[in-house]
Amino acid sequence: MIRFNPNVESVRPSATLAMTGRAKQLRREGLPIIGLSAGEPDFDTPAPIVEAGQAAIREGYTRYTENMGMLALREAICRKFEEDNGLAYTPDQILCSSGAKQSVALAVAALCRPGDEVLIPAPYWVSYPEMVRLAGATPKPLATTADDEYRLNPSALEEAIGDATRMLILCSPSNPTGSVYPREELEALAEVLQRRPDVFVLSDEIYEHVLFDAEHVAFASLPGMKERTIMVNGFSKAYAMTGWRLGYMAADPSIVKTSAKIQGQTTSAPCSITQRAGIAALEMDKRYVTDMVSRFRERRDFVLEQLAAIDGIRCPRPEGAFYLFPDVSVYLGSMSASGRAIETSEDLCFYLLEEHHVALVPGGAFGDPGGLRISYAASTEDLQEAMRRIAKGLSELR
Ligand SMILES: Cc1ncc(COP(=O)(O)O)c(C=O)c1O
(Lines give C-alpha, C1' and ligand atoms only; values in the text may rest on other atoms or scores of the structure.)
Protein backbone atom coordinates (compact mmCIF):
# COMPACT_ATOMS: atom_id res chain seq x y z
CA MET A 1 0.00 0.00 0.00
CA ILE A 2 1.50 3.35 -1.03
CA ARG A 3 1.43 6.07 1.63
CA PHE A 4 0.55 9.45 0.11
CA ASN A 5 0.84 12.93 1.49
CA PRO A 6 -2.15 13.31 3.88
CA ASN A 7 -2.81 16.82 2.55
CA VAL A 8 -3.39 15.32 -0.88
CA GLU A 9 -5.45 12.45 0.54
CA SER A 10 -7.78 15.07 2.07
CA VAL A 11 -8.53 16.62 -1.35
CA ARG A 12 -11.93 15.54 -2.61
CA PRO A 13 -12.14 14.15 -6.12
CA SER A 14 -13.98 16.48 -8.47
CA ALA A 15 -17.72 15.93 -8.12
CA THR A 16 -18.18 17.21 -11.65
CA LEU A 17 -16.00 14.48 -13.13
CA ALA A 18 -18.69 11.82 -12.77
CA MET A 19 -21.17 14.09 -14.59
CA THR A 20 -18.85 15.02 -17.45
CA GLY A 21 -17.72 11.40 -17.80
CA ARG A 22 -21.33 10.26 -18.12
CA ALA A 23 -22.12 13.08 -20.60
CA LYS A 24 -19.18 11.99 -22.77
CA GLN A 25 -20.26 8.37 -22.64
CA LEU A 26 -23.84 9.25 -23.69
CA ARG A 27 -22.51 11.41 -26.55
CA ARG A 28 -20.37 8.50 -27.74
CA GLU A 29 -23.53 6.40 -27.75
CA GLY A 30 -24.98 8.93 -30.20
CA LEU A 31 -27.33 10.85 -27.88
CA PRO A 32 -27.73 14.58 -28.66
CA ILE A 33 -26.40 15.89 -25.33
CA ILE A 34 -26.32 19.69 -24.89
CA GLY A 35 -23.54 20.72 -22.52
CA LEU A 36 -24.23 23.68 -20.24
CA SER A 37 -21.49 22.76 -17.81
CA ALA A 38 -18.49 24.52 -19.36
CA GLY A 39 -16.52 27.05 -17.36
CA GLU A 40 -15.15 28.84 -20.39
CA PRO A 41 -16.33 31.28 -23.07
CA ASP A 42 -17.50 29.57 -26.26
CA PHE A 43 -15.89 32.35 -28.33
CA ASP A 44 -12.55 32.14 -30.14
CA THR A 45 -9.55 34.07 -28.83
CA PRO A 46 -9.68 37.54 -30.47
CA ALA A 47 -7.51 37.95 -33.60
CA PRO A 48 -5.00 40.50 -32.24
CA ILE A 49 -4.08 38.08 -29.45
CA VAL A 50 -3.71 35.14 -31.82
CA GLU A 51 -1.54 37.25 -34.14
CA ALA A 52 0.66 38.34 -31.23
CA GLY A 53 1.13 34.68 -30.28
CA GLN A 54 2.10 33.76 -33.83
CA ALA A 55 4.47 36.73 -34.05
CA ALA A 56 6.05 35.71 -30.72
CA ILE A 57 6.97 32.32 -32.18
CA ARG A 58 8.35 33.85 -35.38
CA GLU A 59 10.33 36.47 -33.45
CA GLY A 60 11.94 33.88 -31.21
CA TYR A 61 10.14 34.46 -27.90
CA THR A 62 10.60 30.80 -27.23
CA ARG A 63 12.92 30.73 -24.26
CA TYR A 64 12.52 30.85 -20.47
CA THR A 65 11.45 34.26 -19.26
CA GLU A 66 12.00 35.82 -15.85
CA ASN A 67 10.34 33.62 -13.25
CA MET A 68 7.86 36.38 -12.31
CA GLY A 69 6.91 36.95 -15.95
CA MET A 70 8.37 39.32 -18.57
CA LEU A 71 8.88 42.84 -17.29
CA ALA A 72 6.89 44.20 -20.29
CA LEU A 73 3.89 42.07 -19.28
CA ARG A 74 4.09 43.03 -15.64
CA GLU A 75 4.31 46.70 -16.66
CA ALA A 76 1.24 46.27 -18.88
CA ILE A 77 -0.59 44.68 -15.91
CA CYS A 78 0.39 47.67 -13.72
CA ARG A 79 -1.12 50.00 -16.37
CA LYS A 80 -4.28 47.88 -16.36
CA PHE A 81 -4.61 48.26 -12.58
CA GLU A 82 -4.08 52.02 -12.85
CA GLU A 83 -6.62 52.48 -15.67
CA ASP A 84 -9.31 49.98 -14.64
CA ASN A 85 -9.09 50.07 -10.87
CA GLY A 86 -7.21 53.27 -9.93
CA LEU A 87 -4.62 51.11 -8.17
CA ALA A 88 -0.88 51.81 -8.23
CA TYR A 89 1.28 48.69 -8.30
CA THR A 90 4.90 48.33 -9.34
CA PRO A 91 6.21 45.33 -11.35
CA ASP A 92 7.76 43.79 -8.19
CA GLN A 93 4.19 43.46 -6.88
CA ILE A 94 3.03 41.40 -9.85
CA LEU A 95 3.54 37.65 -10.29
CA CYS A 96 2.43 36.10 -13.60
CA SER A 97 1.52 32.41 -13.49
CA SER A 98 0.08 29.69 -15.69
CA GLY A 99 -3.54 30.68 -15.00
CA ALA A 100 -5.38 32.38 -12.16
CA LYS A 101 -5.81 28.91 -10.69
CA GLN A 102 -2.07 28.72 -10.11
CA SER A 103 -2.07 32.27 -8.69
CA VAL A 104 -4.69 31.31 -6.09
CA ALA A 105 -2.84 28.09 -5.22
CA LEU A 106 0.47 29.93 -4.79
CA ALA A 107 -0.98 32.64 -2.55
CA VAL A 108 -2.76 30.07 -0.37
CA ALA A 109 0.37 27.90 -0.15
CA ALA A 110 2.53 30.91 0.71
CA LEU A 111 0.28 32.19 3.50
CA CYS A 112 -1.65 29.28 5.03
CA ARG A 113 -0.45 26.50 7.27
CA PRO A 114 -1.95 23.72 9.42
CA GLY A 115 -4.22 25.21 12.07
CA ASP A 116 -5.18 28.21 9.91
CA GLU A 117 -8.78 28.65 8.81
CA VAL A 118 -9.80 30.15 5.48
CA LEU A 119 -13.29 31.62 5.18
CA ILE A 120 -14.98 30.87 1.86
CA PRO A 121 -18.49 32.13 1.09
CA ALA A 122 -20.55 29.32 -0.49
CA PRO A 123 -21.52 28.63 -3.23
CA TYR A 124 -17.81 28.84 -4.07
CA TRP A 125 -15.53 28.04 -6.99
CA VAL A 126 -14.73 24.32 -6.59
CA SER A 127 -10.97 24.68 -6.25
CA TYR A 128 -10.75 27.08 -3.27
CA PRO A 129 -11.39 24.57 -0.45
CA GLU A 130 -9.19 21.96 -2.07
CA MET A 131 -6.27 24.37 -2.41
CA VAL A 132 -6.66 25.23 1.27
CA ARG A 133 -6.60 21.51 2.13
CA LEU A 134 -3.49 21.01 -0.01
CA ALA A 135 -1.76 23.66 2.10
CA GLY A 136 -2.77 21.67 5.20
CA ALA A 137 -5.11 24.46 6.38
CA THR A 138 -8.87 24.23 7.00
CA PRO A 139 -11.53 25.64 4.67
CA LYS A 140 -14.54 27.14 6.47
CA PRO A 141 -17.49 27.61 4.10
CA LEU A 142 -19.93 30.40 4.96
CA ALA A 143 -23.37 29.66 3.51
CA THR A 144 -25.19 32.35 1.52
CA THR A 145 -28.63 31.95 -0.04
CA ALA A 146 -30.57 32.95 -3.16
CA ASP A 147 -32.47 35.41 -0.91
CA ASP A 148 -29.15 37.21 -0.17
CA GLU A 149 -28.35 37.00 -3.89
CA TYR A 150 -25.54 34.70 -2.77
CA ARG A 151 -23.51 37.45 -1.11
CA LEU A 152 -21.87 37.30 2.30
CA ASN A 153 -23.23 39.80 4.79
CA PRO A 154 -21.00 41.57 7.32
CA SER A 155 -22.65 40.07 10.40
CA ALA A 156 -22.04 36.53 9.07
CA LEU A 157 -18.39 37.49 8.50
CA GLU A 158 -18.13 39.02 11.97
CA GLU A 159 -19.54 35.86 13.51
CA ALA A 160 -17.27 33.54 11.51
CA ILE A 161 -13.96 35.30 12.11
CA GLY A 162 -12.07 33.62 14.91
CA ASP A 163 -8.55 33.48 16.30
CA ALA A 164 -7.56 30.88 13.69
CA THR A 165 -8.84 32.90 10.70
CA ARG A 166 -6.00 33.59 8.31
CA MET A 167 -7.73 34.49 5.07
CA LEU A 168 -11.06 35.34 3.45
CA ILE A 169 -11.56 34.39 -0.20
CA LEU A 170 -13.90 36.61 -2.21
CA CYS A 171 -14.94 36.12 -5.82
CA SER A 172 -16.90 38.91 -7.52
CA PRO A 173 -18.33 38.47 -10.11
CA SER A 174 -18.79 34.95 -8.83
CA ASN A 175 -18.39 31.52 -10.28
CA PRO A 176 -20.86 29.75 -9.82
CA THR A 177 -23.58 32.33 -9.05
CA GLY A 178 -22.67 35.36 -11.18
CA SER A 179 -23.38 37.60 -8.20
CA VAL A 180 -21.52 40.90 -7.92
CA TYR A 181 -20.88 42.74 -4.66
CA PRO A 182 -21.92 46.40 -4.78
CA ARG A 183 -19.42 48.89 -3.38
CA GLU A 184 -21.30 49.51 -0.11
CA GLU A 185 -21.42 45.78 0.70
CA LEU A 186 -17.69 45.41 0.12
CA GLU A 187 -17.10 48.46 2.30
CA ALA A 188 -19.16 46.85 5.06
CA LEU A 189 -17.09 43.66 4.82
CA ALA A 190 -13.90 45.76 4.85
CA GLU A 191 -15.09 47.49 8.00
CA VAL A 192 -15.41 44.15 9.79
CA LEU A 193 -11.89 43.27 8.60
CA GLN A 194 -10.45 46.55 9.91
CA ARG A 195 -10.66 45.01 13.38
CA ARG A 196 -8.47 42.10 12.30
CA PRO A 197 -5.40 43.43 10.45
CA ASP A 198 -3.84 39.95 10.48
CA VAL A 199 -6.52 38.47 8.16
CA PHE A 200 -5.66 38.45 4.45
CA VAL A 201 -8.18 38.76 1.64
CA LEU A 202 -7.71 36.85 -1.57
CA SER A 203 -9.91 38.64 -4.08
CA ASP A 204 -10.41 36.59 -7.23
CA GLU A 205 -11.55 39.09 -9.86
CA ILE A 206 -11.11 36.95 -12.96
CA TYR A 207 -14.66 37.81 -14.17
CA GLU A 208 -14.05 41.56 -13.70
CA HIS A 209 -14.86 42.40 -17.32
CA VAL A 210 -17.74 39.95 -17.74
CA LEU A 211 -20.10 42.39 -16.08
CA PHE A 212 -23.59 43.71 -16.91
CA ASP A 213 -24.95 47.07 -15.67
CA ALA A 214 -22.85 46.92 -12.53
CA GLU A 215 -19.70 48.59 -11.24
CA HIS A 216 -16.66 46.43 -10.58
CA VAL A 217 -15.00 47.38 -7.32
CA ALA A 218 -11.48 46.06 -6.83
CA PHE A 219 -11.22 44.97 -3.20
CA ALA A 220 -7.73 46.45 -2.84
CA SER A 221 -9.10 49.88 -3.79
CA LEU A 222 -11.15 50.07 -0.56
CA PRO A 223 -9.64 52.20 2.21
CA GLY A 224 -7.05 50.29 4.23
CA MET A 225 -7.40 47.04 2.25
CA LYS A 226 -4.56 47.17 -0.29
CA GLU A 227 -1.75 45.91 1.97
CA ARG A 228 -3.65 42.81 3.07
CA THR A 229 -5.30 41.98 -0.27
CA ILE A 230 -4.01 39.52 -2.83
CA MET A 231 -5.66 40.53 -6.10
CA VAL A 232 -5.98 37.60 -8.50
CA ASN A 233 -6.95 38.03 -12.12
CA GLY A 234 -6.35 36.30 -15.43
CA PHE A 235 -6.86 36.20 -19.16
CA SER A 236 -9.02 33.08 -19.53
CA LYS A 237 -12.48 34.61 -19.24
CA ALA A 238 -12.34 38.22 -20.52
CA TYR A 239 -10.13 37.35 -23.49
CA ALA A 240 -11.36 33.80 -24.21
CA MET A 241 -7.85 32.45 -23.54
CA THR A 242 -8.53 29.41 -21.35
CA GLY A 243 -6.06 27.19 -23.20
CA TRP A 244 -3.26 29.75 -23.23
CA ARG A 245 -2.87 29.58 -19.42
CA LEU A 246 -2.10 33.03 -18.06
CA GLY A 247 -3.07 34.63 -14.77
CA TYR A 248 -1.49 36.90 -12.19
CA MET A 249 -1.55 38.14 -8.63
CA ALA A 250 -0.85 41.62 -7.31
CA ALA A 251 0.06 41.89 -3.66
CA ASP A 252 2.55 43.11 -1.09
CA PRO A 253 6.09 42.47 -2.47
CA SER A 254 6.86 39.97 0.32
CA ILE A 255 3.80 37.86 -0.59
CA VAL A 256 4.72 38.04 -4.28
CA LYS A 257 8.32 37.08 -3.51
CA THR A 258 7.29 34.10 -1.38
CA SER A 259 4.78 32.91 -3.98
CA ALA A 260 7.42 33.39 -6.71
CA LYS A 261 9.78 31.17 -4.72
CA ILE A 262 7.27 28.30 -4.94
CA GLN A 263 6.68 28.99 -8.64
CA GLY A 264 10.43 29.09 -9.31
CA GLN A 265 10.92 25.63 -7.80
CA THR A 266 7.84 24.02 -9.32
CA THR A 267 6.67 25.33 -12.70
CA SER A 268 8.78 28.44 -13.48
CA ALA A 269 7.24 31.30 -15.46
CA PRO A 270 4.20 30.84 -17.71
CA CYS A 271 4.69 30.13 -21.43
CA SER A 272 6.74 32.84 -23.18
CA ILE A 273 4.47 32.91 -26.25
CA THR A 274 1.38 33.29 -24.08
CA GLN A 275 3.00 36.15 -22.19
CA ARG A 276 3.54 38.08 -25.44
CA ALA A 277 -0.08 37.36 -26.40
CA GLY A 278 -1.15 38.60 -22.96
CA ILE A 279 0.45 41.99 -23.59
CA ALA A 280 -1.55 42.24 -26.83
CA ALA A 281 -4.75 41.32 -24.97
CA LEU A 282 -4.27 44.15 -22.49
CA GLU A 283 -3.47 46.63 -25.25
CA MET A 284 -6.08 45.69 -27.88
CA ASP A 285 -9.32 47.53 -28.60
CA LYS A 286 -11.76 47.01 -25.70
CA ARG A 287 -14.52 46.36 -28.26
CA TYR A 288 -13.55 42.68 -28.48
CA VAL A 289 -14.45 42.26 -24.83
CA THR A 290 -17.55 44.47 -24.80
CA ASP A 291 -18.99 42.66 -27.85
CA MET A 292 -18.57 39.29 -26.15
CA VAL A 293 -20.10 40.61 -22.93
CA SER A 294 -23.17 41.95 -24.74
CA ARG A 295 -23.73 38.49 -26.25
CA PHE A 296 -23.49 36.99 -22.75
CA ARG A 297 -25.99 39.54 -21.49
CA GLU A 298 -28.56 38.55 -24.14
CA ARG A 299 -28.13 34.91 -23.22
CA ARG A 300 -28.41 35.62 -19.49
CA ASP A 301 -31.68 37.46 -20.08
CA PHE A 302 -33.02 34.62 -22.21
CA VAL A 303 -32.17 31.86 -19.73
CA LEU A 304 -33.46 33.89 -16.76
CA GLU A 305 -36.76 34.46 -18.56
CA GLN A 306 -37.09 30.73 -19.23
CA LEU A 307 -36.25 29.86 -15.61
CA ALA A 308 -38.81 32.36 -14.32
CA ALA A 309 -41.51 30.43 -16.18
CA ILE A 310 -40.65 27.17 -14.36
CA ASP A 311 -42.60 26.43 -11.17
CA GLY A 312 -40.76 26.74 -7.87
CA ILE A 313 -37.33 27.77 -9.19
CA ARG A 314 -35.71 30.77 -7.56
CA CYS A 315 -32.80 32.40 -9.29
CA PRO A 316 -31.35 35.82 -8.52
CA ARG A 317 -30.49 38.02 -11.50
CA PRO A 318 -26.71 37.87 -11.71
CA GLU A 319 -24.75 40.90 -12.83
CA GLY A 320 -21.65 39.12 -14.05
CA ALA A 321 -19.77 35.99 -15.22
CA PHE A 322 -21.66 33.54 -17.46
CA TYR A 323 -23.43 31.34 -14.97
CA LEU A 324 -26.81 31.07 -13.28
CA PHE A 325 -27.30 29.24 -10.02
CA PRO A 326 -31.00 28.46 -9.59
CA ASP A 327 -32.23 27.11 -6.27
CA VAL A 328 -33.91 23.85 -7.25
CA SER A 329 -34.57 22.56 -3.75
CA VAL A 330 -38.36 22.30 -4.35
CA TYR A 331 -37.63 19.47 -6.78
CA LEU A 332 -35.57 17.46 -4.31
CA GLY A 333 -37.52 14.60 -2.75
CA SER A 334 -39.51 14.02 -5.94
CA MET A 335 -39.94 11.10 -8.33
CA SER A 336 -39.52 11.01 -12.10
CA ALA A 337 -42.10 9.49 -14.48
CA SER A 338 -39.59 6.64 -15.01
CA GLY A 339 -39.59 5.93 -11.25
CA ARG A 340 -36.24 7.53 -10.44
CA ALA A 341 -35.93 9.05 -6.95
CA ILE A 342 -34.55 12.62 -7.01
CA GLU A 343 -33.09 13.20 -3.55
CA THR A 344 -30.11 15.47 -4.29
CA SER A 345 -29.17 18.05 -6.92
CA GLU A 346 -26.75 15.41 -8.22
CA ASP A 347 -29.70 13.00 -8.76
CA LEU A 348 -31.51 15.85 -10.52
CA CYS A 349 -28.53 16.56 -12.80
CA PHE A 350 -28.14 12.86 -13.66
CA TYR A 351 -31.88 12.68 -14.41
CA LEU A 352 -31.74 15.76 -16.68
CA LEU A 353 -28.65 14.35 -18.37
CA GLU A 354 -29.75 10.76 -18.89
CA GLU A 355 -33.44 11.32 -19.64
CA HIS A 356 -33.49 14.85 -21.12
CA HIS A 357 -29.92 15.12 -22.45
CA VAL A 358 -28.76 18.36 -20.86
CA ALA A 359 -25.49 18.46 -18.91
CA LEU A 360 -25.42 20.78 -15.85
CA VAL A 361 -23.29 20.86 -12.71
CA PRO A 362 -24.85 19.89 -9.35
CA GLY A 363 -24.62 22.50 -6.60
CA GLY A 364 -22.95 20.15 -4.12
CA ALA A 365 -19.69 20.63 -6.05
CA PHE A 366 -19.88 24.33 -5.12
CA GLY A 367 -20.88 23.76 -1.50
CA ASP A 368 -24.63 24.32 -2.00
CA PRO A 369 -26.58 21.10 -2.58
CA GLY A 370 -29.88 23.00 -3.08
CA GLY A 371 -28.79 24.50 -6.39
CA LEU A 372 -27.20 23.69 -9.70
CA ARG A 373 -25.04 25.66 -12.12
CA ILE A 374 -26.09 26.50 -15.64
CA SER A 375 -23.35 27.92 -17.86
CA TYR A 376 -24.76 30.02 -20.68
CA ALA A 377 -21.48 30.04 -22.59
CA ALA A 378 -23.30 28.19 -25.39
CA SER A 379 -25.01 29.10 -28.66
CA THR A 380 -28.50 30.62 -28.64
CA GLU A 381 -29.90 27.56 -30.43
CA ASP A 382 -28.41 25.21 -27.85
CA LEU A 383 -29.72 27.38 -25.01
CA GLN A 384 -33.22 27.44 -26.48
CA GLU A 385 -33.33 23.68 -26.89
CA ALA A 386 -31.70 23.03 -23.49
CA MET A 387 -34.19 25.25 -21.67
CA ARG A 388 -37.08 23.47 -23.40
CA ARG A 389 -35.70 20.15 -22.24
CA ILE A 390 -35.06 21.33 -18.65
CA ALA A 391 -38.60 22.75 -18.37
CA LYS A 392 -40.08 19.51 -19.70
CA GLY A 393 -37.90 17.36 -17.42
CA LEU A 394 -38.86 19.32 -14.31
CA SER A 395 -42.55 19.38 -15.23
CA GLU A 396 -42.55 15.57 -15.29
CA LEU A 397 -41.37 15.27 -11.67
CA ARG A 398 -43.92 14.38 -9.03
C1 LIG B 1 -13.49 31.98 -10.07
C2 LIG B 1 -12.39 31.40 -10.90
N3 LIG B 1 -11.12 31.66 -10.55
C4 LIG B 1 -10.10 31.17 -11.25
C5 LIG B 1 -10.31 30.37 -12.35
C6 LIG B 1 -9.10 29.81 -13.07
O7 LIG B 1 -8.84 30.44 -14.26
P8 LIG B 1 -7.52 30.16 -15.09
O9 LIG B 1 -7.98 29.58 -16.37
O10 LIG B 1 -6.90 31.53 -15.28
O11 LIG B 1 -6.64 29.27 -14.31
C12 LIG B 1 -11.60 30.07 -12.76
C13 LIG B 1 -11.85 29.18 -13.90
O14 LIG B 1 -12.86 28.52 -14.02
C15 LIG B 1 -12.69 30.63 -12.02
O16 LIG B 1 -13.95 30.38 -12.36
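Start with the shell around the ligand: by class, it has four nonpolar, seven polar and two charged residues. Here Ala, Val, Leu, Ile, Met, Phe, Trp, Tyr, Cys and Pro count as nonpolar, Asp, Glu, Lys and Arg as charged, and the others, Gly among them, as polar. The ligand is surrounded by 13 residues, and the closest are Gly 99, Ala 100, Lys 101, Gly 234 and Ser 236.

Before moving on, two notes. What you see is a predicted model, where local features need pLDDT of at least 70, side-chain atom pairs count only at pLDDT 80 or more, and totals for chains, interfaces and linings use all residues. Residues are numbered from 1 along each chain as its sequence is written.

Next, select Tyr 150, in the loop between strand S4 (138-143) and helix H7 (154-160). Helices (H or I, at least four residues) and strands (E, at least two) are DSSP runs, numbered from the N terminus. Tyr 150 is not a glycine, yet its phi is positive, about 55°. Most residues other than glycine have a negative phi, and most peptide bonds are trans. Is Tyr 150 buried or exposed? Tyr 150 is buried, with 25 other C-beta atoms within 10 Å; buried takes 20 or more such atoms, exposed 12 or fewer, and partly exposed is in between, with C-beta atoms placed from the backbone.

Now go to the loop between strand S5 (165-171) and helix H8 (183-194), where you'll find Pro 173. The peptide bond joining Ser 172 and Pro 173 is cis, with omega about -10°. Pro 176 lies in the loop between S5 and H8 too, and the bond from Asn 175 to Pro 176 is cis, with omega near 25°.

Then pick out helix H12 (residues 345-356) and helix H13 (residues 380-395): their axes come within 10 Å and cross at roughly 110°. Axes are lines fitted to C-alpha atoms, for helices over the stretch in contact, and angles run from 0 to 180 degrees between N-to-C directions. H12 is therefore roughly perpendicular to H13 (65 to 115 degrees; under 35 is roughly parallel, over 145 roughly antiparallel, the rest oblique).

Stay on H12 and color its buried residues: Ser 345, Leu 348, Cys 349, Tyr 351, Leu 352 and Leu 353.

His 357 is partly exposed, with 19 other C-beta atoms within 10 Å.

Key:
A residue is near a molecule or strand if its C-beta atom, placed from the backbone, lies within 6 Å of it.
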